[in-house]
Amino acid sequence: MMRSNICNKLLGIADYYEAVFTGPVAMEHGRFRSSVLGMIIEMLDVLRIDEDLRMELIKSITAGWKMEMVGDEATESEMILEKLESVRSAAMQDMGCSLEIGVLISLPIREMDLKEDHVSHVYDVMNRIMDHLSSRTTGEHLVA
């Protein structure tokens, strides 16, 4: 997958979810949280990161994700839109593996979004992915 394709896919995902979270129909809390989780998984699937680490992260986030709303819908929607703008910015400024790191940092995953017993594992896997990406030289290709 060429880098420009990854950026285009991320921009498309950001556009889609911006429409979902700003649409005229207010979402039920469960649908809202489910949509946030879906967005996170879609973005992770596009990134060029180690497959085993990606799958471990997706499984950990999915197992630990709280489906109940953690704040009021307006505040949550605003936070999601800010995170989507960060993803867009990372995609538009694509500079090697910093795209992956920029997107990982921009994912709307907070401690309060996860069940208490999953928080440390999710952050541990994210840190391992970032360490793995940071250790690569700019001339190497990331594993898809």
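Guide: The chain has 6 helices and 0 strands, and its elements follow the order α-α-α-α-α-α from the N terminus. The model is a predicted one. Of the 144 residues in the chain, 44% are buried.

The charged side chains come next. The structure holds 9 salt bridges. One of them joins aspartate 113 and arginine 33, with an N to O distance of 3.0 Å. This pair links distant parts of the chain, since aspartate 113 belongs to the loop between H5 and H6 while arginine 33 belongs to helix H2, 80 residues apart. Both aspartate 113 and arginine 33 are buried. For aspartate 113 the relative accessibility is 0%, which is why this residue counts as buried: the limit is under 20%.

Aspartate 113 has a further partner. Its side chain also meets that of arginine 110 in a salt bridge, again described by an N to O distance of 3.0 Å. Arginine 110 in turn forms a salt bridge with glutamate 76, where the closest N and O atoms are 2.6 Å apart. That pair likewise links distant parts of the chain: glutamate 76 is in helix H4 and arginine 110 is in the loop between H5 and H6, 34 residues apart. Glutamate 76 has a relative accessible area of 3% and is therefore buried. Elsewhere, Asp15, Glu18, Glu85 and Arg88 are linked in a network of salt bridges.

In soluble globular proteins, nonpolar side chains tend to be buried together. The largest nonpolar core here has 44 residues, and those with the most contacts inside it are Leu10, Met43, Leu44, Leu57, Ile61, Val103 and Leu104. At least two residues of this core come from each of H1, H2, helix H3 (51–64), helix H4 (73–92), helix H5 (98–106) and helix H6 (119–134). Isoleucine 61 illustrates the contacts: leaving aside residues up to four places away in sequence, it touches Leu37, Ile40, Leu44, Ile109, Leu114 and Val122.

Helix H5 is mostly covered, with 7 of its 9 residues buried. These buried residues are Leu99, Glu100, Ile101, Gly102, Val103, Leu104 and Ser106.

Aromatic side chains complete the picture. The structure holds 3 aromatic pairs. In one of them, phenylalanine 21 and phenylalanine 32 are arranged edge-to-face, 5.1 Å centre to centre and with 65 degrees between the planes. Phenylalanine 21 lies in helix H1 (residues 3–22) and phenylalanine 32 in helix H2 (residues 29–46), so this pair ties together parts that are 11 residues apart in sequence. Phenylalanine 21 is buried, its relative accessible area being 9%, and phenylalanine 32 is buried at 2%. Together with Tyr16 and Tyr17, Phe21 and Phe32 form one aromatic cluster.

To return to the part requested, aspartate 113 meets arginine 33 and arginine 110, and arginine 110 also meets glutamate 76.

How values were computed
Residues numbered from 1 in each chain as written. Predicted model: local features only at pLDDT ≥ 70, side-chain atom pairs only at ≥ 80, totals over all residues. Heavy atoms only, no water. Phe/Tyr/Trp six-rings, centres within 6.5 Å; stacked < 30°, edge-to-face > 60°. Helix = DSSP H or I, 4+ residues; strand = E, 2+ residues; numbered from the N terminus. Buried < 20%, exposed > 50% of the residue type's maximum accessible area, 1.4 Å probe, protein only. Core = buried A, V, L, I, M, F, W, Y, C linked by side-chain atoms within 4.5 Å. Contact = heavy atoms within 4.5 Å. Salt bridge = Lys/Arg side-chain N within 4 Å of Asp/Glu carboxyl O.
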